[in-house]
Amino acid sequence: MTPPPGLYSGTSTLALVARASAFSFGLVYGSMKLKYLKGKVKSQKKAEEKAAHH
């Protein structure tokens, strides 16, 4: 017996779950990447300031 087509078929719910988890993973990954890049920029500026003072 195959599931009825539409929102509640097995494949579409699986696709929805996969899409939702991929989206949330993207959000988490994006925010982590931003934090990392911001920290990198801060440390670069500190290094530049140290070099400018010497």
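Mentor: A residue is called buried when its relative accessible area is under 20%, and that cut-off is applied here to a predicted model.

Trainee: What percentage of the 54 residues in the protein chain do buried residues make up?

Mentor: The secondary structure of the chain comes to one helix and zero strands, and its accessible surface amounts to about 5300 Å², with 70% of that belonging to carbon and sulfur atoms. Taking the cut-off of under 20% relative accessible area, the share of the 54 residues that counts as buried is 2%.

Trainee: Which two residues form the aromatic pair, and how are their rings arranged?

Mentor: A search of the whole structure finds one aromatic pair, and its partners are phenylalanine 25 and tyrosine 29, whose ring centres are 6.2 Å apart. Both residues lie in helix α1, four residues apart, which is about one turn of the helix. Planes under 30 degrees apart count as stacked, and with 15° between the planes the pair of phenylalanine 25 and tyrosine 29 is stacked.

Trainee: Which residues form the positive surface patch?

Mentor: One of the members is lysine 46, which is placed in helix α1, spanning residues 10-53. Lysine 46 counts as exposed because its relative accessibility is 58%, and the cut-off for exposed is over 50%. The positive surface patch is formed by Lys38, Lys42, Lys46 and Lys50.

Technical notes
Residues are numbered from 1 along each chain as its sequence is written. This is a predicted model: local features need pLDDT of at least 70, side-chain atom pairs count only at pLDDT 80 or more; totals for chains, interfaces and linings use all residues. Side-chain values use heavy atoms; hydrogens and water are left out. Patches are made of residues with over 30% relative accessible area and no salt bridge: like charges are joined within 9 Å, nonpolar side chains (Val, Leu, Ile, Met, Phe, Trp, Tyr) within 5 Å. Accessible areas come from the Shrake-Rupley method with a 1.4 Å probe; for residues, only the protein chains shown count as cover. A salt bridge is a side-chain nitrogen of Lys or Arg within 4 Å of a carboxyl oxygen of Asp or Glu. Lys and Arg count as positive and Asp and Glu as negative; His and the chain ends are not counted. The place of a charge is taken as NZ of Lys, CZ of Arg, CG of Asp or CD of Glu. Helices (H or I, at least four residues) and strands (E, at least two) are DSSP runs, numbered from the N terminus. Buried means under 20% relative accessible area, exposed over 50%, partly exposed in between (1.4 Å probe, protein chains only). Rings of Phe, Tyr and Trp (its six-membered ring) pair if their centres lie within 6.5 Å; planes under 30 degrees apart count as stacked, over 60 as edge-to-face and the rest as tilted.
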